[in-house]
Amino acid sequence: MPNLLIVGPPGAGKGTQAARIAEALRVPAVSTGDIFRQNIKEQTELGQRVTAILDAGEYVPDELTNELIDDRLAQPDAEQGYLLDGYPRTAGQVEFLDGVNLHRGEQLDAVVRLVADTDEVVRRLLARAELQGRSDDSEEVIRHRLDVYERETAPLVAIFEERGLVVEVDGIGPVDEVTERVLAGLAERGITA
């Protein structure tokens with residue numbers, strides 16, 4: 001089974017597509033954002049630390065996220081592969097994930113890169129904030145996170161492109177069509193259910 005990442009700016013539909021792709025390929029979708037939000041909801045120590053970071057529009061520090069990922073990928077359901085959503089976001093996290101995969105005797109098989117127009121992403125996130133009451137989704141914070149993404153996360157795509165792993169997909173359009181584009185791009189690389 002494949003080891004995959006899905007990347008793209010916040011609001012590009014990573015979570016939706018990750019769940020659909022993971023189901024189609026029979027691997028768990030692992031979302032750092034979902035794990036952090038669960039801890040926030042339960043008001044755990046981690047949740048309290050993460051709340052302050054997210055409310056400021058920043059990303060959670062690598063060491064905290066790396067620990068979470070190492071534990072999650074050691075779970076039985078991830079033994080046959082995984083799809084990571086929201087990780088890695090820094091060069092240090094890429095290096096850490098390489099080490100985790102090396103320890104597993106595996107490697108990363110592909111990186112799905114969703115691309116989306118900035119104004120569309122802002123519109124999507126503002127609508128989500130209203131529906132879900134998310135404190136981390138004000139317009140100012142959204143635009144700040146998009147700037148942080150461009151500055152710190154987007155350059156990681158170059159690392160994956162050097163490795164020949166990137167499958168670039170237009171993330172705008174009906175959900176089913178985006179999923180079909182992703183699965184077709186993965187199938188071109190021999191990655192199927």
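Q: Why is Ala 12 called buried in this structure?
A: In this predicted model, Ala 12 has a relative accessible area of 1%, and because buried means under 20% relative accessible area, Ala 12 is classed as buried.

Q: Where does Ala 12 lie, and with which residues is Ala 12 in contact when its neighbours within four places in sequence are left aside?
A: Ala 12 lies in the loop between β1 (3-7) and α1 (14-25), and, leaving aside its neighbours within four places in sequence, Ala 12 is in contact with Leu 114, Ala 116, Val 121, Arg 124 and Gly 171.

Q: Why is Val 60 called buried?
A: Val 60 has a relative accessible area of 9%, and because the term buried applies under 20%, Val 60 is classed as buried. Its place is in the loop between α3 (45-55) and α4 (62-73), where Val 60 touches Phe 36, Val 50, Ile 53 and Thr 65, not counting residues up to four places away in sequence.

Q: Is Arg 134 buried or exposed, and what makes it so?
A: Arg 134 has a relative accessible area of 15%, and because buried means under 20%, Arg 134 is buried. Arg 134 lies in the loop between α6 and α7 (139-153) and, leaving aside its neighbours within four places in sequence, is in contact with Arg 37, Arg 128 and Ala 129.

Q: How do you know that the "binding site" residues listed with Val 60 and Arg 134 are spread in space?
A: For "binding site", the unreviewed UniProt entry lists Thr 32, Arg 37, Glu 58, Tyr 59, Val 60, Gly 86, Tyr 87, Pro 88, Arg 89, Gln 93, Arg 134 and Arg 145. These residues are spread over 114 residues of sequence and also in space, with up to 25.9 Å between C-alpha atoms. Of these residues, the lining of the largest cavity includes Tyr 59, Gly 86, Tyr 87, Pro 88 and Arg 89.

Definitions and conventions. Residues numbered from 1 in each chain as written. Predicted model: local features only at pLDDT ≥ 70, side-chain atom pairs only at ≥ 80, totals over all residues. Heavy atoms only, no water. Helix = DSSP H or I, 4+ residues; strand = E, 2+ residues; numbered from the N terminus. Buried < 20%, exposed > 50% of the residue type's maximum accessible area, 1.4 Å probe, protein only. Contact = heavy atoms within 4.5 Å. UniProt positions renumbered as here; feature names shortened; annotations may be inferred. 1 Å grid on protein atoms, 1.4 Å probe; cavity = no way out; pocket = protein on both sides within 12 Å on 5 of 7 lines; lining within 4 Å.
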